[in-house]
Amino acid sequence: MLEVEGLVKTFEGRHGGVVAVDGVSFTVEEGRLFSLLGPSGCGKTTLLRCVAGLERPDAGRIAVDGVTLFSATGGRFVPANRRELGMVFQSYAIWPHLSVFGNVAFPLVSRPRRRRPPKREVSARVGRVLEAVQLAELAGRPATDLSGGQQQRLALARALVTEPRLLLLDEPLSSLDLQLREEMRLELKRLQRELRVTSVYVTHDQLEALALSNMIGVMRGGRLEQVGRPRDVYTRPASRFVAGFVGSSNLFEGVVEAGGGDGHAVVRTAHGTLRARSETVAPGAAVLVVVRPEHVVLELDADDGDEGWRGVVVTRAYLGSAVDHVVAVGDVEVRSRGPVRAGTIRPGTQVRLRFEPGACTVAEADDAR
Amino acid sequence: MSDYATVPAVSDGRRPFASIAHPQLPVAAVTALVGFLVLTPLGYLLWRTFFDDGGVSLRYVREAYAVDGLGGMAWTSLLFAAGATALAMLIGVPLAWLIVRTDLPLRRTVLAVALLPLVVPGVLYTIAWIFLASPNAGLINSVAGAGTVDVFGLRGMIVVEAFHAVPLVLLLTAAALRSLDTSLEESALTAGASLPTVVRRITLPLLRPALLAAALVSMISALESFDVPALLGIPGDTWVFTARIFQALQRFPDGIALAGAYALPLLALTCAGAVLLASLTRRRRSYETVTGRGARGRPLPLGRSRWPVFAAVSLYVAIAIVLPMLALGWISTQPYLAAPSGDSLGRASLDGYRDVFDSSVTLRAFRNSLLLATAAATTTVAIGAVVAWFSVRSGVRGRRLADATAFLPLALPGLVLGAALLAFWLRAPWTIYGTLWLLLVAYVTRFLPYGLRTASAAMSQLGQDLEDAAHMSGASWWQTFRRVVLPLAGPGLLAGWIMVVVFAMRELSASIVLYAPGQEVLAVAIWNEFQNGSFRSVGALGVVVSVVSLVLVLAATLLFQRFGRQVSRARG
């Protein structure tokens, strides 16, 4: 549905060019929500603005529904106001001089005269979309009277009123407080799935990306580091960066001892061996193994002589829904997260670490970047 | 001004606006326009000064400075400008701080009254002081005994110029103070610093760029000032550049060349000031990150000194504002200059006002001034809005040049501009001399910087997202400008418009050179009446002008506030 190919965008800085987007390609299928996830400055917003038509890329191609919106080689650039896309801005960009109704009606009444719907249809469509975001009773209010959450819904309604082919969302929840953000996250998901509107969602919040997306693209330094379903990105990060950015994780460097044909490899690390999921690694290769804290189980040390991972609890933290422990294993610290009912272990206690089967993943070997 | 300034305008500062093909064009156009408006007449003036009978000649320069040494006149000019600036800062800065930051009683009223001289033409204010403090017949002297005060000469010039400059300093300082986050001061207080320490170590350093700018503006305007030096300086034989230029212009046919000779060093001085001011404004941006939102805290308590301070402020207001206005009012009822007494009260009448409204000349002056002021304000703000939008929104190369060019007219004294335009249009193949168009050209040139400044201030407060959202909604460039940018920048643009109207209504120095009979503007009419010795008419005309200007400004301000409130409701 949306195709982005080899997109490059450079900004002229005081000290030469800064490459914000560096050869990015991805596609989003009809009705799906694609997240661009990455730290600030990784180029995700610039990429979104290129798709929107608010920036003119230097190279590459952008097409929606098979229609080319931008092509560097074809010399084609459809300006933002002709792309017929919907966009929600991080600041909401609610026009303070218009009412709630006026804000939502704007995209309809700004159309060229022959495509402008009649007044009655405008109010019907605005009413429908305001109904969908539960703002119908506030239509006559000045837009600036709305609370943060309501402004967010208003921005969404304005982006949706034209029934755009593609909805672009630039960190739409980041200015809300925590509770409201969780609420709106579910709301947004419900709306997106109900309307089946193809969406690109930019965020730096991994939880948002995991909860909302059909697909996630993790960005770093202007490039897509990994593209995959939320579960894959979380459980099988492709690199140290992805592992670190999407959820906290334990990383162990090691050497492959035996590559099993069953999709698993045995990896020897400085602290013991691990059985990790892996498709293709040859024995002898240096690799990085990722283990999520919730897959590290602590047991009080029975001292039964069993070969395995042993360590000493350094700190523990009660999180309400879970308990975190930090365990010193040799010179590294391993994080473990367990259910509250499993109880907590006093710092200083000797423990044995068990990794749940299938929970360890081999990420890329030489993480040069 | 508006509250939606919290959204950062542009993330990377200068993003070429994607959907516009040639954003350089408008910026280049305005640079060319200002260049044409300022440089053509100026070039012609220089040519008239240095070329004579087909060859280069220093005849006029020699003649000009044979009268009075260049050194002496330059020294007097600088002394006058520096003195007036120092005094205006000394009064204006503490006054602004008291009004914005402390619990001074009646501070809103004090602010309104202290700003009154802004709407009063300088020539009127100066004449009011002559009525009050001329050594023989001045009202103060006839009450307190002859020779108590003397308004003529350098000291009188400095005081009157300073009094008239205080509102400008007050406005600029108050604006800077308002944008200063009070939590910066409050955190210093919590750190254990005393109030004077906070003012000295935190407030003043943060305000320094704004204060320097205010001082420079007041310095330049004192150097360019014409009414005070001409009315108070020449009778006291104290000559500054502008007075000499004016005197030279009275002489025909080669007065213009002589005026050019006097104008050169003055131009050098004001240009230096304007360049300094421009670089200061650019550097000031680094401070804006500090000031940002301008959260308002509680006013600082003055404690026991609250009423003594209020008394001091009231004394200033009484002397600098109430007294001159009362003097004008009194004179307007008297057939000749006389102190209030039983006899003079018996002679009081309203005949002066009847004369004002009977005279076709004064009525025409009203009409001309209103026409010119609204036309000049509309033109400059319209140009300013378009140019400011491009220069704020697009990363166009050369907008520095456009910015700098826009500052140029600030350095051009009204008299010099008048002389230059006169030199140009008297010789042009077809001429607008003898029409109001010439005055309009002069006004637009003089006030373009104000239109540009206020417009770019209003534009830079608009978040880029608000416009991007309109683009994403399918709005074209023009729809976005008309339906989003203009309504949101409206209050700021209106404020700029009011400012230019006020300045244009006061304008004297360019008009007095350029007007032909039939095109008198208000300040010129007042000047002429005064030169004719009809003091009663001056008083009556002065009162009417002050009241009309005040009503205009009040009406515009009310409109502005209502409009502004509607728009600038806080987000979220």
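Biologist: Which side chain meets B:Arg364 in a salt bridge?

Modeller: B:Glu520 does, at 3.4 Å from N to O. Some ground rules before we go on. This is a predicted model, where local features need pLDDT of at least 70 and side-chain atom pairs count only at pLDDT 80 or more, while totals for chains, interfaces and linings use all residues. Residues are numbered from 1 along each chain as its sequence is written, chains are lettered from A and ligands numbered from 1 in the order in which they are written, and side-chain values use heavy atoms, with hydrogens and water left out.

Biologist: How should I read a salt bridge, then?

Modeller: Side chains of opposite charge can pair when their charged atoms come close. The cut-off is a side-chain nitrogen of Lys or Arg within 4 Å of a carboxyl oxygen of Asp or Glu. Over all chains, the structure holds 25 salt bridges.

Biologist: Where do B:Glu520 and B:Arg364 lie?

Modeller: B:Glu520 is in the loop between α23 (509–514) and α24 (522–531) of chain B, and B:Arg364 is in helix α17 (residues 360–393), so the pair ties together parts that are 156 residues apart in sequence. Helices here are DSSP runs (H or I, at least four residues), as are strands (E, at least two), numbered from the N terminus.

Biologist: Is B:Glu520 buried or exposed?

Modeller: Buried, with a relative accessible area of 9%. B:Arg364 counts as partly exposed at 30%. The scale runs like this: buried is under 20% relative accessible area, exposed is over 50%, and partly exposed is in between (1.4 Å probe, protein chains only).

Biologist: Which helix holds both A:Arg190 and A:Glu187?

Modeller: Helix α5 (residues 178–195) of chain A, where they sit three residues apart, about one turn of the helix. A:Arg190 is partly exposed at 33%, whereas A:Glu187 is buried at 13%.

Biologist: And in chain B, what do B:Arg354 and B:Asp351 form?

Modeller: A salt bridge of 3.7 Å, N to O. Both residues lie in helix α16 (residues 351–358) of chain B, three residues apart, about one turn of the helix. B:Asp351 counts as partly exposed, at 29% relative accessibility.

Biologist: Let's turn to the interface. How many residues of chain A are in contact with chain B?

Modeller: Contact means heavy atoms within 4.5 Å. By that rule, 33 residues of chain A touch 29 residues of chain B. Buried area is the accessible area (1.4 Å probe) that two parts lose on being put together, summed over both. The two chains bury about 2700 Å² between them, 56% of it on carbon and sulfur atoms. On the chain A side, A:Asn81, A:His97 and A:Phe106 lose the most area to chain B, together 21% of what that side buries.
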